[in-house]
Amino acid sequence: MSLCNLPAHELGKKLRAKEVSSVELTKEFLNRIAEVEPKIGAFVTLCEQAALETAALVDAKIARGETIAPLAGIPGAIKDILCIKGVKTTCSSRILDNFIAPYDATVIAKLKQNDAVFIGKANMDEFAMGSTTETSYFKKTRNPWAPDCTPGGSSGGSAAGVAAGEAAWSLGSDTGGSIRQPAAFTGTVGLKPTYGRVSRYGCVAFASSLDQVGPIARDVTDCALVLNAISGHCEHDSTSYNLAAPDFTKALHPDIKGVKIGVPKEYFGEGLDKAVEEKVRGAIRHLSELGAEIVDVSLPHTEYAVATYYIIAPAEASANLARFDGVKYGYRAPGCRNLIEMTVKTRTQGFGNEVKRRIMLGTYVLSSGYYDAYYNKAMKVRTLIIEDFKKVFGKVDVLACPTAPTTALPLGAMLDPLSIYMLDVYTIPVNMAGLPGISIPCGFSGGKPVGLQLIGRALDEMSVLRAAYTYEQSAGFHKMAAPIGGASA
Amino acid sequence: MKYETIIGLETHVELKTATKCFCSCPAEFGGEPNTHTCPTCTGMPGALPVLNKKVVEFAIKTGLALNCEIQRYNRFDRKNYFYPDLPKGYQISQLFLPICRGGYVDIEVDGTVKRIGITRIHIEEDAGKLVHSGASISDSDFSVVDYNRSSVPLIEIVSEPDLRSPQEARVFMEKLRSILEYIGVSDCKMQEGSLRCDANVSIRPPEQKEFGARSEIKNLNSFRSVQRGIEYEEARQAAVLDEGGRVVQETRTWDEERGVTHSMRSKEEAHDYRYFPDPDLVPFVAEAEWVAKIAETMPELPDARKERLTGRLGLSAYDASGVIARLATADYFDEAMKHTGDAKSVANWILGDISAWLNGNNLEMRDFPIPAENVAAMINLVNKGVLSSKLAKTVFEEMLKSGKAPAEIVREKGLEQISDAGALALAVEKIITANPKSAEDYKAGKDKALGFLVGQVMKETKGRANPEMINKLLREKLS
Ligand SMILES: [Zn+2]
């Protein structure tokens with residue numbers, strides 16, 4: 001089996017046992033990238049040289065007998081929404097196609113302290129707006145399990161990269177499901193931490209009150225390792241929790257006895273693909289057999305979540321994206337004669353259609369005369385959704401449901417933006433309430449992976465990881481490798 | 001026709017915190033362009049604001065000084081608009097929940113005290129600065145942006161429309177400056193833009209209840225421009241009404257050089273700022289204990305200081321107002337009073353020669369070179385009769401030149417007043433002999449002649465003679 005199909009924690013063991021050096025490992029991944037990238041398109045920027053330099057540094061540490069951090073020397077992919085100093089950070093948008101970040105995102109600084117290797121910047125939907133990675137200005141990313149299908153989005157490059165063995169782990173960002181949904185579509189594990197658990201500093205903002213950075217990996221253990229490395233209070237992010245993060249690997253026990261798992265009935269209604277439902281219900285039965293107590297619950301305001309999201313997220317995005325005006329950095333439309341022309345042309349040429357659609361939507365719902373009818377009302381509904389979860393978590397420890405209503409869609413299949421928006425119907429409420437959620441593979445339908453979503457109380461990643469780990473170890477889907485990625489499926 | 005003028009002021013005050021409102025860059029004025037900047041205050045992708053607690057403390061301090069209610073629950077909002085000096089495309093401000101509400105300031109105009117309401121005070125960040133290659137934006141080939149000022153903390157103090165004349169508006173601004181200086185929250189340097197205001201001006205016939213359409217005058221950055229701008233605007237609006245026209249609500253800019261306001265294009269006015277709560281900043285609570293602690297640190301404010309000066313120290317209201325208007329001046333006065341008991345003389349020197357010298361040299365009190373202790377010592381020498389008040393001026397000049405203590409100057413230059421009766425009698429004798437005509441004139445009832453003779457004696461003694469004694473001696477001799 002190729003090293004590229006092993007999870008990061010296995011690779012770490014090999015590094016420490018000196019079975020392989022970090023430079024060898026990094027070259028192995030670069031070779032895999034050279035081989036499969038033409039078919040997958042997971043990256044917008046490769047960082048070969050910096051990656052090999054870090055790898056050599058880690059090798060030197062190992063040679064000196066120093067203890068190395070769990071992720072040290074192991075190549076990972078970084079969603080191109082996160083700033084790495086001196087590296088292009090494009091958000092897959094034309095408007096930032098020449099932008100070189102002058103500073104490190106907090107999560108990047110933390111990973112650097114852990115000597116993690118950044119092998120490249122992963123493709124994404126432009127400014128994380130989209131659910132298929134098709135709105136990227138640069139390229140379309142393909143699903144390693146089904147090359148005619150999307151890997152999901154917006155962190156499609158991060159998920160496809162891991163699934164195709166181009167990176168051992170990756171970072172994504174999740175505003176309405178952008179980590180979990182592509183993880184489900186690519187058979188990987190994607191964790192959205194509690195809002196505020198991981199610093200947003202240096203993560204280009206889409207919707208500030210919903211965005212959260214998190215890992216995508218081959219298994220739950222790697223997710224815990226990455227979360228250990230990136231979580232904790234950040235003095236540059238006033239929304240980050242001011243409390244010490246626990247050691248998330250402590251949750252990794254294959255034991256679920258006595259844990260109450262709620263099954264929200266609203267997540268199994270109209271629009272859910274039959275095959276997906278079957279796999280997810282099978283996984284819930286599996287959890288029950290492992291000792292979990294299954295409880296039927298209700299989240300009555302679920303049906304309003306998508307509509308509410310498409311008011312709040314664009315409203316925040318319309319302000320967050322105002323800074324891209326051609327004045328300070330990034331793309332500037334040529335040949336403009338005055339200020340207004342420069343701003344208008346720069347933004348007209350620099351943004352893609354989906355981004356423009358959301359900026360206009362956000363501008364509209366915030367404009368005077370409509371603020372109360374839309375934004376204010378959406379905020380009230382958001383409170384109701386939060387209350388729903390609070391009530392349910394008085395009764396159960398974890399919720400289990402599908403991550404997405406379908407498996408990966410064919411590229412170009414969803415030209416209608418409104419139906420694309422429904423892809424995130426099961427993930428959006430979790431962002432609205434700021435809760436932790438994970439997607440783990442729970443089977444296949446037509447050769448395409450199906451994701452099981454587990455949701456926990458705020459700051460209770462431990463329960464989520466524990467349930468996910470228990471299921472994963474018993475079900476074993478995480479050991480499957482995508483056909484593009486070389487090894488057997 | 002006579003109209004009544006209604007004025008409300010929105011005053012912007014730059015706070016003199018060490019660091020900016022939402023990042024740790026230095027907030028100080030100036031510096032090489034774009035050197036006091038970081039990812040946050042230049043609006044880099046991914047950067048986030050973190051509130052500087054000192055800014056809230058200063059805003060609360062201001063609120064307490066202006067008798068406001070400090071609001072417990074606070075939040076920041078985004079004010080969205082495009083301009084190159086606004087790096088994020090929005091300004092972090094407070095619209096929905098300002099930190100202070102409902103205060104007042106007492107001003108005194110023509111001896112009458114008037115209470116001006118304060119509607120609200122809110123916190124916001126400043127924008128950067130555009131630098132044009134030409135004289136103005138319209139005749140520039142290009143413009144560049146300096147973000148050193150970007151995110152410097154501001155408070156906006158919004159008054160009720162209680163002001164009724166340009167003079168009142170000016171006095172109100174001067175009073176605000178005093179208070180802000182006293183509590184130490186701002187430099188209040190209008191020439192550097194750390195204190196500036198917009199004025200909302202409307203006029204109405206005296207019998208009319210409702211306000212007329214108002215114009216907002218922007219860019220008033222000196223006390224003079226506050227007064228002149230409003231004067232111009234009330235005259236302009238009166239002319240419009242007198243001609244049977246209608247005043248339109250609009251934003252106008254003040255052109256200091258030409259002394260006129262002109263309308264900004266309506267396009268620039270059609271703003272919809274699309275305010276909404278900033279999700280990057282968690283709401284903050286101003287706990288009562290914290291506010292109480294800040295209240296304990298409040299210094300003596302201008303009104304209290306004035307009362308102390310007019311009460312115990314017996315200064316006239318006029319002198320006291322002059323002394324307390326600027327903090328540096330008031331402090332100088334207090335410092336001098338540690339070394340002399342003569343409040344009236346200290347006030348006279350400060351409002352007289354010292355002010356004149358500062359004005360002549362275009363300097364501020366804080367730049368004045370003579371220590372207050374030395375001015376007090378000089379006054380004491382005069383009061384003890386060692387120095388004549390006339391020669392005190394010479395000592396003052398010398399103190400400015402050499403920085404020496406007054407006693408030393410008097411000694412070195414031999415300026416001691418001659419109060420020795422014998423020596424003065426001789427000098428008086430000599431002058432009467434030399435000026436028989438004047439002596440006769442005085443005897444004949446021409447009082448003016450006495451002044452001439454006194455002057456001659458002073459001349460004879462190089463100004464050192466005690467003038468009271470000469471007067472007395474001359475009268476005796478010529479009676
Ligand atoms: Zn800064």
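Mentor: Let us start with contacts, bearing in mind that this is a predicted model. Leaving aside residues up to four places away in sequence, A:Ala163 touches A:Pro144, A:Trp145, A:Thr186, A:Thr188, A:Arg218, A:Ala482 and A:Ile484. A:Ala163 itself lies in helix H5 of chain A, residues 156-163.

Trainee: Why is A:Ala163 called buried?

Mentor: Its relative accessibility is 4%. Buried means under 20%, so A:Ala163 counts as buried.

Trainee: Which atoms coordinate the zinc ion?

Mentor: The SG atoms of B:Cys23, B:Cys25, B:Cys38 and B:Cys41 do so, at 2.3 to 2.4 Å. Along the chain, the donors follow the spacing C-x1-C-x12-C-x2-C. B:Cys23 and B:Cys41, 18 residues apart, are both in the loop between strand E1 (4-14) and helix H1 (53-65) of chain B, and the pair links distant parts of the chain.

Trainee: What makes the site of the zinc ion tetrahedral?

Mentor: The angles among its 4 donor atoms are 101 to 114°. Four donors count as tetrahedral if all angles lie between 85 and 135 degrees, so the site meets that criterion. The ideal angle for four tetrahedral donors is 109.5 degrees.

Trainee: How do you know whether B:Cys23 and B:Cys41 are buried or exposed?

Mentor: B:Cys23 has a relative accessible area of 12%, and B:Cys41 has a relative accessibility of 1%. Both values are under 20%, so both residues are buried.

Technical notes. Residues numbered from 1 in each chain as written. Chains lettered and ligands numbered in written order. Predicted model: local features only at pLDDT ≥ 70, side-chain atom pairs only at ≥ 80, totals over all residues. Heavy atoms only, no water. Helix = DSSP H or I, 4+ residues; strand = E, 2+ residues; numbered from the N terminus. Buried < 20%, exposed > 50% of the residue type's maximum accessible area, 1.4 Å probe, protein only. Contact = heavy atoms within 4.5 Å. Donors = N, O, S within 2.8 Å, 3.2 Å for Na, K, Ca; no water. Tetrahedral: all angles 85-135°; square planar, octahedral: opposite > 155°, others 65-115°.
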